[in-house]
Amino acid sequence: MPDPRSALRNRALSIGLSTVPFGLAFGVACAQAGLEWWEAAGFSTVVFGGSAQFAAVGVLADGGAVGAAIAAGALLNLRSVAFGLLLAPSLQGPLWWRALVSQWMIDESTAVAVSADDPVLRRYGYLAGGLSVFVLWNAATLVGVLALGRAGDLVTRWGLDATIPAAFLALLWPRLADPAQRRAMALGVAIAIALTPIAPPGIPIVAAVLGVLAGLERS
Amino acid sequence: MSPATLTFLGLGLLSYAFKAAGPLLLGGRRMPRSLERLATLVPGPLLAALVIASSIVVDRSFVFDARLAGLAAAAIALRLRANFVVVVIVAAATTAVARAVLG
C-alpha cells in the first residue's frame, strides 16, 4: 500500500499549482484596479480566499463602496464556517495552534483534508493543502501584480480577463448537480441581472444571495 | 488608509472570524441543520452572480464581447471534466483568439 501521507502531499501540491493561474490573474486584476503591490499581497495573506478576494477587488474596480466590497467578499467566505465545523474534530491542539492554522480554512485545504477519513491524516492533509496553497497563491499574486500587472494590453491580448469568470464557473460547476443549488443559482442570476442596470456596482452580487430562498423550499 | 487597504483589513477580519469559528469555539459540536443548509447554499448564487458580473457586465450595462466566447469554452471544458488549470487556460486562449479574430 502506498504511504497515505505521500498521497496527501501529492494532492496538496497539485491543488496548490492549480491556484497559480488564478493567483496571477488576481495580481493582474489588482494592478488594473489601481492597487499597490502590497495591497494585493495584503489580500492574499490576510484575506486568503480566492473568490472573496476577486469579488472584493471587482467591486472596488467597478467603483463600489468599501462596505459593498467587504460584504460581497464576506458572503463568499461564509462557507468557511461550514469547513471549520467539519474539520474542528481533526484539528485538536493548543488554542494558539488552532488560532494559527485556522487562517488556512479554505476550499482547497478542506478538499485535501476530507480526502482522508482518519482524523490524524485529515489534519496532515489540511496542513499540507493549506501550506501549499498559501505559498503558491501568494507567490502567484506577487508575480501577477509586479510582473504582469503594468502590461495592461497583455491582459486583454492573452485573454487573461476571461480567466476570472472561468474560475468562478469552475468553482460553481460541481454545485450544478444538486437541484436545490440550481434553483438558488437561477434565482441569484435573475436578481443580479435585474439589478445590474439600476443598482450601484457590487449590490447586484450581494443581493444575488437571496437566491438561496429558491433553494430552501421543498428541501 | 486607501479604500483597498480598508477592504482587505475588514474583509480579512471577518473572513478569519468565519474560518476560526469552528476550531476555536465549537470543538466537536455541530451547528443547527437549517443553518448548515443555508451555509452550503450561499456560495452558489453568489458565484453565479460573479460569473455574470465578470463576463457580460461593464459598469451598469451588459456588454457581450470575446469574454463570452472564453466563458462558453470554459463550460465545454468543464463538461469534459477538465481540471481547473486547463479550464482557465482554455478560457484565456479562446478569448485571445476571439479577440484577435473580431478585432
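Analyst: A cavity is a set of grid points where a 1.4 Å probe fits but cannot get out. The model is predicted. It holds one cavity of 30 Å³ or more.

User: How do you know how much space lies in the largest cavity?

Analyst: A volume is the space filled by probe spheres set on the points. For the largest cavity that gives about 150 Å³.

User: What makes a residue part of its lining, and which are closest to the centre?

Analyst: A lining residue has an atom within 4 Å of a point. By that rule 15 residues line the largest cavity. The closest to its centre are A:Thr196, A:Gly202, A:Pro204, B:Ala53 and B:Val57. Helix H3 (43–55) of chain B and helix H13 (203–207) of chain A each give two or more residues. H3(B) has the largest share, with three residues.

User: What classes make up that lining?

Analyst: The lining has 10 nonpolar, two polar and three charged residues.

User: How do you know how many residues are in contact between chain B and chain A?

Analyst: Contact means heavy atoms within 4.5 Å. The contact takes 85 residues from chain A and 62 from chain B. The area buried between the chains is about 6,400 Å², with 77% from carbon and sulfur atoms.

User: How many salt bridges cross the interface of chain B and chain A?

Analyst: The rule needs a Lys or Arg side-chain nitrogen within 4 Å of an Asp or Glu carboxyl oxygen. Across this interface it finds zero. Polar contacts between chain B and chain A number nine residue pairs, both residues at pLDDT 80 or more.

Technical notes. Residues are numbered from 1 along each chain as its sequence is written. Chains are lettered from A and ligands numbered from 1 in the order in which they are written. This is a predicted model: local features need pLDDT of at least 70, side-chain atom pairs count only at pLDDT 80 or more; totals for chains, interfaces and linings use all residues. Side-chain values use heavy atoms; hydrogens and water are left out. On a 1 Å grid over the protein atoms alone, a cavity is a set of points where a 1.4 Å probe fits but cannot get out, and a pocket is an open set with protein on both sides within 12 Å along at least five of seven lines; lining residues have an atom within 4 Å of a point. Helices (H or I, at least four residues) and strands (E, at least two) are DSSP runs, numbered from the N terminus. Ala, Val, Leu, Ile, Met, Phe, Trp, Tyr, Cys and Pro count as nonpolar, Asp, Glu, Lys and Arg as charged, and the others, Gly among them, as polar. Buried area is the accessible area (1.4 Å probe) that two parts lose on being put together, summed over both. A polar contact is a pair of N or O atoms within 3.5 Å; within protein, one must be able to donate a hydrogen and the other to accept it, and residues adjacent in sequence count only if both atoms are side-chain atoms.
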